[in-house]
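Subject: Structure handover

Hello,

Here is the structure you asked about. Please open it first, then read the notes below it.

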Amino acid sequence: MTRSMTNSVLFYCGVDEFCSITSEKLCKIPVKVDDEIAFLESSLDLFIFSKYSSEQKWFAKGFGLEHPIEIFPESLQINQVKICQSTVYGLSTFQNKLYQAIFKFNEDKCIGREFSEITVPFPSATSRLRKISANDDSLFAIDDKGGIYKLPDLLFRCELNFTKLACGFDHNLVLTDTGAVYSFGNGSRGQLGHPSIVLRCDKPTRIEFFDDLPCIVTDISCGGWHSLALTSDGDLYCFGWNLSSQLGHSTDQLSSVVKDPYPLDLGSHDNPIIQACAGARHSFALLKKGDIYGWGWNKYYQLGTGDNEDRSSPTAIPQDKLNFGNPYKISSSRWGTFIFCHPKPTNLLTI
């Protein structure tokens, strides 16, 4: 889930089949979405959002919906949402409760939704969920007692302090407070980052590569079949499937399957990478000074370049031509990209 800030502008580029985000089905360059959106989550069919006027009241737009509908009332204090096919999950870390809203369809029209609370098998009454993440099949979560869940079941528990969780199509990354990265799920394309490729790893396993770095991993992101890890020094490591150059290197430079985390040559000491995100087969990075770079698959214009040619290396979005504002956050959907900007200051003439 992604949160914007007050006095911010949201832009989107990529596919929007049901015009749930903008009025265009294909946004070839970043198109302005809304000034009022506070949080958002999106899939191919649904766009889930809340607004500054009521940040814990959630709405849905998209397939089968003629107009935005409320899905979670403000009284539930939902502050995280995730989408899994036609189900929207909402977590309140304030109340330590998890809910689901299942949409029902008749052909291409939404005819209702079922709402319920999900019971989580906590080890004790003091356990609390921290983060949720989802793919097309399952909802995952981490708690404050070292637990990883494939809800409603407990998947793994240890003495670690997990802080972040990311899901790809069928693989997962988990980050600890000390910068250790664990992975599990499908590893057939090297997306787990282990020394040897395994078809599947059901137990979260530490990625040993990052133990030898002089810095720690501070953020993680999962694409469809690739993974990104950002360090405290602003270095970005990419691993997994590279068929569309989503790792930032052409297949002439790297194999189409990369099991060992590989550094991306982007940024500098004065202008390091501060955020990175992965879509299905594309990736993005935001630098400290507001420069935005994308690479990989671009069939649906998700790189925001105005054309649909793939990019085998990081390619900047020309902010000066698009009158963006000042970017401060990025987020990827499967075939699209969100860019959050502070509006550019207006020059006032003083007499």
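Among contacts in the protein chain between residues at least 6 apart in sequence, what percentage join residues at least 24 apart? The figure is 45%. Contact here means heavy atoms within 4.5 Å.

Before the rest, some ground rules. This is a predicted model: local features need pLDDT of at least 70, side-chain atom pairs count only at pLDDT 80 or more, and totals for chains, interfaces and linings use all residues. Residues are numbered from 1 along each chain as its sequence is written, and side-chain values use heavy atoms, with hydrogens and water left out.

**The whole chain**

Along the principal axes, the C-alpha atoms fill a box of roughly 65 × 50 × 45 Å.

Of the 351 residues, 54% are buried. Buried means under 20% relative accessible area, exposed means over 50%, and partly exposed lies in between (1.4 Å probe, protein chains only). The chain exposes about 15700 Å², and carbon and sulfur atoms supply 47% of that area. Areas come from the Shrake-Rupley method with a 1.4 Å probe; for residues, only the protein chains shown count as cover.

Now the charges. There are 33 positive and 40 negative ones, and their mean positions are 3 Å apart. Lys and Arg count as positive, Asp and Glu as negative; His and the chain ends are not counted. Each charge is placed at NZ of Lys, CZ of Arg, CG of Asp or CD of Glu.

**Two serines in strands**

Find Ser 133 in strand 12 (residues 129-134). Ser 133 is buried, at 5% relative accessible area. A polar atom of its side chain lies 3.4 Å from the backbone nitrogen of Cys 167. Leaving aside neighbours within four places in sequence, the contacts of Ser 133 include Lys 82, Phe 140 and Leu 165.

Next, go to Ser 92 in strand 9 (residues 87-92). Ser 92 is buried too, with a relative accessible area of 0%. Its side chain reaches the backbone oxygen of Gln 77 at 3.0 Å. A polar contact is a pair of N or O atoms within 3.5 Å; within protein, one must be able to donate a hydrogen and the other to accept it, and residues adjacent in sequence count only if both atoms are side-chain atoms. Ser 92 and Leu 129 are 37 residues apart in sequence, and their C-alpha atoms are 8.7 Å apart in space.

**Backbone points to check**

Most residues other than glycine have a negative phi, and most peptide bonds are trans. Where is there a cis peptide bond? It joins Leu 151 and Pro 152, with omega about 10 degrees. Pro 152 sits in the loop between strand 14 (147-150) and strand 15 (153-157).

Cys 19 has a positive phi, near 50 degrees. Cys 19 is in the loop between strand 2 (9-15) and strand 3 (26-32), and is partly exposed at 29%. Ser 245 has a positive phi of about 65 degrees. Ser 245 lies in the loop between strand 22 (236-241) and strand 23 (257-263), and counts as buried at 9% relative accessibility.

Best wishes

Notes. Helices (H or I, at least four residues) and strands (E, at least two) are DSSP runs, numbered from the N terminus.
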